[in-house]
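Please give the cut-offs along the way.

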Amino acid sequence: MSDWILIERLKEKDESAFKTIVETWQDMVYNTALGILQSAEDAEDVSQEVFVQVYESIESFKGESKFSTWLYRITITKAMDHIRRKKRKKRFAVIQSLFGMNNETLHDPPDFHHPGITLDNKEKAAVLFKAVDKLPENQKIAFTLNKLEGLNYQEISEIMNATVSSVESLLHRARSNLRKHLNEYYTNKE
């Protein structure tokens, strides 16, 4: 069944169409969220939020872009919102601990592992993902879409509402920043 038929059925609140959309796109949504959030639990939460939004706002999908582009945009927005919420909570927890309201110590999250990484590359991947996490928001999104999701510059430009040359520039800066972060890591490790 084509995406357009599913979308039209979903606009009529057909639950089987929604189920088919979730089954078709859940891996893409989860993997994109995972690449940005670097936490399986957070990626699952965001994936659920994405599909709830798809169900609730399918009327806003006008078909001016591909359905996958619209879905990537929602996923990225939800993932970035999740990061912002977490940062606010973390700042609040630090403030609480300064005033003695919360004696818990904050610690780094456990090493992140993406499902597409082979076992022998896990250590290198963990270092890379920590470096990716330090990138500015737009560079992180462009890098994730290009390197983890395998999207080309044109597809990324449509998802990010940017020109292809802007995407090229973001990816160039991302690679440059990653080189710096990784160089610092390996220099300090020796």
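How many salt bridges does the structure hold? The structure holds 9. A salt bridge here is a side-chain nitrogen of Lys or Arg within 4 Å of a carboxyl oxygen of Asp or Glu. Side chains of opposite charge can pair when their charged atoms come close.

The model is predicted: local features need pLDDT of at least 70, side-chain atom pairs count only at pLDDT 80 or more, and totals for chains, interfaces and linings use all residues. Residues are numbered from 1 along each chain as its sequence is written, and side-chain values use heavy atoms, with hydrogens and water left out.

Start with the helix pair. Helices are DSSP runs (H or I, at least four residues), numbered from the N terminus. Helix α2 spans residues 15–37 and helix α3 residues 40–57; their axes come within 8 Å and cross at roughly 140 degrees. That makes α2 oblique to α3. Oblique covers what is left after under 35 degrees (roughly parallel), over 145 (roughly antiparallel) and 65 to 115 (roughly perpendicular). Axes are lines fitted to C-alpha atoms over the stretch in contact, and angles run from 0 to 180 degrees between N-to-C directions. The crossing is right-handed, that is, the near helix is turned clockwise from the far one by less than a right angle.

Contact means heavy atoms within 4.5 Å. On α2, the contact residues include Phe 18, Trp 25 and Leu 37; on α3, Val 46, Phe 51 and Tyr 55 are among them. By class, this contact has 15 nonpolar, 2 polar and 2 charged residues. Nonpolar means Ala, Val, Leu, Ile, Met, Phe, Trp, Tyr, Cys and Pro; charged means Asp, Glu, Lys and Arg; the others, Gly among them, are polar.

Now the salt bridges. Arg 85 pairs with Glu 49, the closest N and O atoms being 3.4 Å apart. Arg 85 lies in helix α4 and Glu 49 in helix α3, so the pair ties together parts that are 36 residues apart in sequence. Arg 85 is partly exposed at 31% relative accessibility. Partly exposed lies between buried (under 20% relative accessible area) and exposed (over 50%), with a 1.4 Å probe and protein chains only.

Lys 66 forms a salt bridge with Glu 155, closest N and O atoms 3.9 Å apart. Lys 66 sits in the loop between α3 and α4, Glu 155 in helix α7 (residues 153–160), 89 residues apart.

Ser 65 lies in the loop between α3 and α4. Ser 65 counts as buried, at 19% relative accessibility. Not counting residues up to four places away in sequence, Ser 65 touches Trp 4, Trp 70 and Arg 73.

Methods: Helix = DSSP H or I, 4+ residues; strand = E, 2+ residues; numbered from the N terminus.
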